[in-house]
Amino acid sequence: MDRRVKKYIYLRDGGHCYHCGKDLKINQVNIDHYNPKSKGGSNDDFNLVLSCRKCNKYKRSMVPMDIDAVNILLMKQAFQDGRINFDNLKEDIIELRKIVYDVNKINRGAKKVEFLGPKGKITIFDNKIVTVQHSVV
Ligand SMILES: [Zn+2]
């Protein structure tokens with residue numbers, strides 16, 4: 001795990017285990033794949049949460065019930081925090097932001113993850129927006 005990624009997740013989650021809320025020191029933390037790696041969960045920031053050792057061990061490859069809501073919430077947070085790269089796209093930041101903030105659905109591909117909403121669709125791979133599709137009204 002990249003130390004910068006670990007630090008971001010630590011700060012984002014306020015130093016608390018995402019599952020039980022336990023206060024953790026940075027050297028005590030585990031980084032948990034919310035959608036388990038064994039179930040195809042990605043390494044994107046929006047799929048990583050802070051976890052204590054106990055919860056990480058207990059959770060293993062369980063898929064949490066609120067997985068879609070959490071992945072969508074953390075994707076929006078990552079976008080806001082400048083953790084999602086889209087430098088390679090010629091997109092208007094305002095329009096892109098509208099699409100992102102209205103996302104309410106997720107489709108999990110083999111590697112890429114699609115986020116959809118009334119204003120359009122974005123595909124993310126490796127913390128990077130690879131395609132943007134605007135809704136036609
Ligand atoms: Zn915990």
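## Terms and model

A polar contact is a pair of N or O atoms within 3.5 Å; within protein, one atom must be able to donate a hydrogen and the other to accept it, and residues adjacent in sequence count only if both atoms are side-chain atoms. Helices (H or I, at least four residues) and strands (E, at least two) are DSSP runs, numbered from the N terminus.

This is a predicted model: local features need pLDDT of at least 70, side-chain atom pairs count only at pLDDT 80 or more, and totals for chains, interfaces and linings use all residues. Residues are numbered from 1 along each chain as its sequence is written, and side-chain values use heavy atoms, with hydrogens and water left out.

## The whole chain

The protein chain has four helices and six strands. Their order along the sequence is α-β-β-α-α-α-β-β-β-β. The C-alpha trace spans about 50 × 25 × 20 Å along its principal axes.

Of the 137 residues, 42% count as buried. Buried means under 20% relative accessible area, exposed means over 50%, and partly exposed lies in between (1.4 Å probe, protein chains only). The chain exposes about 8,400 Å², and carbon and sulfur atoms supply 51% of that area. Contact means heavy atoms within 4.5 Å. Among contacts between residues at least 6 apart in sequence, 53% join residues at least 24 apart.

## Helix H1

H1 covers residues 3-12, and its buried residues are Val5, Tyr8, Ile9, Tyr10 and Arg12. What covers the buried residues of H1? The cover includes strand E1, strand E2 (48-51) and helix H3.

Aspartate 2 caps the N-terminal end of H1. One of its side-chain oxygens lies 2.7 Å from the backbone nitrogen of arginine 4. After H1 comes glycine 14, with a positive phi near 65°.

## Strand E1

E1 runs over residues 30-33 and holds histidine 33. Isoleucine 31 is buried, with a relative accessible area of 15%. Leaving aside neighbours within four places in sequence, isoleucine 31 is in contact with Met1, Lys6, Ile9, Leu48, Val49 and Leu50. Isoleucine 31 and methionine 1 are 30 residues apart along the chain, yet their C-alpha atoms are separated by 8.2 Å.

Is aspartate 32 buried or exposed? Aspartate 32 is buried, at 4% relative accessible area. Its side chain makes a polar contact of 3.3 Å with the side chain of lysine 59. Not counting residues up to four places away, aspartate 32 touches residues including His19, Asn47, Asn56 and Lys59. Histidine 33 counts as buried at 12% relative accessibility. A polar contact of 2.7 Å joins its side chain to that of asparagine 43. With residues up to four places away again left out, the residues that histidine 33 touches include Gly41, Ser42, Asn43 and Lys59.

## Arginine 83

Where is arginine 83? It is in the loop between helix H3 (67-80) and helix H4 (93-101). Arginine 83 is partly exposed, because its relative accessible area is 27%. Its side chain joins that of aspartate 45 in a polar contact of 2.7 Å.

Beyond neighbours within four places in sequence, arginine 83 is in contact with Arg4, Val5, Tyr8, Asp45, Ala78 and Asn127. Valine 5 is 78 residues from arginine 83 along the chain. The two C-alpha atoms are separated by 9.6 Å.

## The loop between E5 and E6

Aspartate 126 lies in the loop between strand E5 (120-125) and strand E6 (128-134). Asparagine 127 is found in this loop too. Most residues other than glycine have a negative phi. Aspartate 126 has a positive phi of about 55°, although it is not a glycine. Asparagine 127, also a residue other than glycine, has a positive phi near 60°.

Asparagine 127 counts as buried, at 17%.

Key:
Accessible areas come from the Shrake-Rupley method with a 1.4 Å probe; for residues, only the protein chains shown count as cover.
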